[in-house]
Structure formats: C-alpha cells, structure tokens
Amino acid sequence: MLRMLVIVGTLMVIAAAPTRGEGILEQLRSNVREADESDDDDDRHHKKHRRSSYSHHDCDDDDDGDGFFGTMFLGVVTSPWTLPNAVIEDDNDPPIDFAAFPYAEGHDGYLFVTSPHPDNVYGFGTRYSQEVGSNLDGLTRVGGQLLFESDTRLGLDTQWNRFTEERPGGGHDELWTGDVNAIIRFAQGEKVQFQTGLGFNYLADSIGSDFGINFTYGADFFPVHPWVISAHTDLGTLGNTSRVHLRTTVGIMMNRFELFTGYDFERFGQTNLQGPLLGLRLWW
C-alpha cells in the first residue's frame with residue numbers, strides 16, 4: 001500500500017511539473033492568451049439552471065433570517081475599509097500635510113494630522129522605488145513603482161516588472177507586466193495610512209500586449225524611527241486568466257531614502273512568480 005501511494009504521488013508530481021523545455025514565462029503566456037474552454041454553452045446552461053433553482057428556493061426562506069445573514073455578510077465584506085477608518089480616524093476629518101519624508105526632522109510618522117503643522121510641510125507626497133527579485137531558480141525580476149498622493153486623499157499608483165528567465169532548454173526569455181491604478185487614501189493617521197483603488201493590468205512582450213482590470217489595497221506603517229512596513233494586495237484579471245498579487249516589505253529610512261527587503265508573490269492563473277526582493281525607495 002505504501003509503495004502504491006509513493007508511485008501515485010510521484011506520478012502526480014511529474015504531471016504537475018513544467019513540460020521539459022517550457023519555462024515559467026511561457027506558462028504565463030499560455031494562461032493569459034489561451035481561451036478558457038471550460039465554460040462552454042452546456043456549462044452556462046447548467047449554471048443558469050442552478051441559479052434559477054437557488055433563486056426559487058431562496059424565496060421560500062425566512063425573510064428575517066436573510067436580512068440578518070445579509071447584514072453579517074455585508075459587514076464582513078466591507079470590514080477591510082470600515083475597520084481601519086473607524087480605528088484610525090475621528091469625525092473631525094482635519095486637514096493633513098505630508099512631511100518631506102517619513103520621520104523627517106524628528107516627526108513621529110509621515111503625515112501631519114494634529115494641529116499645528118510646522119512650516120516645512122507639503123500638500124502631496126511622492127515615492128519612487130527600484131528593486132530586484134528572484135525565485136532562486138533561474139527567474140529574475142527587476143521592478144519599479146511610482147506612487148503619488150495628495151492632501152485630497154486622491155492619488156496614482158503604477159508598478160512595472162521586467163521578468164527574465166533562463167530557459168530549461170537553453171537561452172533566455174523575458175516579458176513585462178505591470179498595473180496602473182487611481183487610488184484613494186481611505187484611512188489616514190500620522191503612523192499608518194491605508195489606500196485602495198481601481199485600474200488595469202498589462203503584459204507586454206515581443207508577441208504583443210494583453211490587458212485586464214485590477215483592484216488594489218495597501219497600507220503603510222511607521223511604527224518607530226527608522227522602520228517602515230508596507231503591505232500590498234492586487235486582485236484582477238489579465239487576458240483570459242486571473243491575477244493575485246501579495247507583497248510585504250520592511251525598510252529602514254536613511255534620510256529620504258528607504259532600503260527595504262521583503263517577499264513578492266504573484267499568481268497568474270496556475271502560474272506562480274514569487275521570491276524575495278531587495279530595493280531602494282526615494283521619498284519626496
């Protein structure tokens with residue numbers, strides 16, 4: 001029995017492994033550009049029938065129970081936005097200004113929320129970063145980010161990555177991915193800020209370009225000088241597949257420069273691009 005389990009497990013690993021000569025980036029292209037044939041007309045018919053059956057069944061349920069669970073569900077879904085805002089902010093919504101960079105001139109964080117504000121503050125904040133990452137197995141990433149925020153809470157966030165891979169059969173492969181998002185800072189304090197927004201994803205290589213929609217959510221924490229902690233999530237589509245992006249970094253401020261390290265995980269369909277990273281960020 002044990003031998004049979006070992007044999008089955010080995011066959012599953014072999015079946016899940018990349019085809020010899022096919023790299024990770026080629027798998028990514030296949031996920032993005034090949035049509036999804038799993039949802040054919042019959043599937044859509046069955047799904048429609050199931051939805052109709054569920055809708056008919058739901059009509060017989062107790063309305064009070066539906067209202068209670070609907071409210072609970074809505075509260076859970078909206079909690080990533082409502083909880084940070086409730087904890088960090090109050091009803092006064094005071095005017096804010098940006099320091100020249102986090103912890104500038106002895107400040108406790110990045111934003112000035114409580115009055116009075118010093119003279120050398122700004123109505124906007126900008127940061128630009130460059131970084132390198134790797135999956136430690138032949139795939140290298142060189143990435144960048146530009147984030148602009150204003151005292152109106154609105155801003156712009158764009159990221160881009162150049163992936164280079166040594167092919168299993170020899171030679172190398174490369175492509176570009178990235179996203180552009182309009183964002184809003186929905187919760188803000190001197191030591192923590194949360195942003196969310198919508199935009200689009202893209203992939204570009206020698207063959208052509210593909211696009212999709214993107215939702216972004218992130219936060220920056222300034223617990224104590226000189227530390228900066230950032231977390232970021234993207235969910236969306238690209239071509240014919242989905243995109244999931246999770247990222248966390250920890251940095252140290254050196255005047256207006258931040259030296260940071262962390263981990264970046266990105267999944268396009270069934271293809272993972274992930275690994276540790278090291279970068280340098282300029283705040284102004």
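**A walk through a predicted barrel**

Where does Thr-82 sit? You'll find Thr-82 in helix H4, which covers residues 63-88. Now look for Ala-187: along the chain Thr-82 and Ala-187 are 105 residues apart, yet their C-alpha atoms are separated by 8.9 Å.

Next, the strands. Ten of them form a closed barrel, in the order S3-S4-S5-S6-S7-S8-S9-S10-S11-S12, and the pairing is antiparallel. From one strand to the next, the twist averages 20 degrees. As a reminder, strands of a sheet pair through backbone hydrogen bonds, either parallel or antiparallel.

Let's zoom in on one pair. Strand S4, residues 139-150, runs antiparallel to strand S5, residues 154-166, and eleven bridges link the two. Which residue in S5 is the bridge partner of Arg-141? That would be Phe-163.

Finally, the inside. In soluble globular proteins, nonpolar side chains tend to be buried together. Here the largest nonpolar core has 16 residues, and those touching the most other members are Phe-101, Tyr-110, Leu-111, Phe-222, Val-228, Met-253 and Trp-283. Another core lies apart from that one, with ten residues, including Leu-25, Leu-175, Leu-238 and Phe-268.

Do click on Trp-283 when you have a moment. Beyond its neighbours within four places in sequence, Trp-283 is in contact with several residues, among them Phe-101, Pro-102, Tyr-110, Arg-127, Met-253 and Glu-258.

Note on methods. Residues are numbered from 1 along each chain as its sequence is written. This is a predicted model: local features need pLDDT of at least 70, side-chain atom pairs count only at pLDDT 80 or more; totals for chains, interfaces and linings use all residues. Side-chain values use heavy atoms; hydrogens and water are left out. A nonpolar core is a set of buried Ala, Val, Leu, Ile, Met, Phe, Trp, Tyr and Cys residues joined through side-chain atoms within 4.5 Å. Buried means under 20% relative accessible area, exposed over 50%, partly exposed in between (1.4 Å probe, protein chains only). Contact means heavy atoms within 4.5 Å. Helices (H or I, at least four residues) and strands (E, at least two) are DSSP runs, numbered from the N terminus. Two strands pair if DSSP finds at least two bridges between them. Axes are lines fitted to C-alpha atoms, for helices over the stretch in contact, and angles run from 0 to 180 degrees between N-to-C directions.
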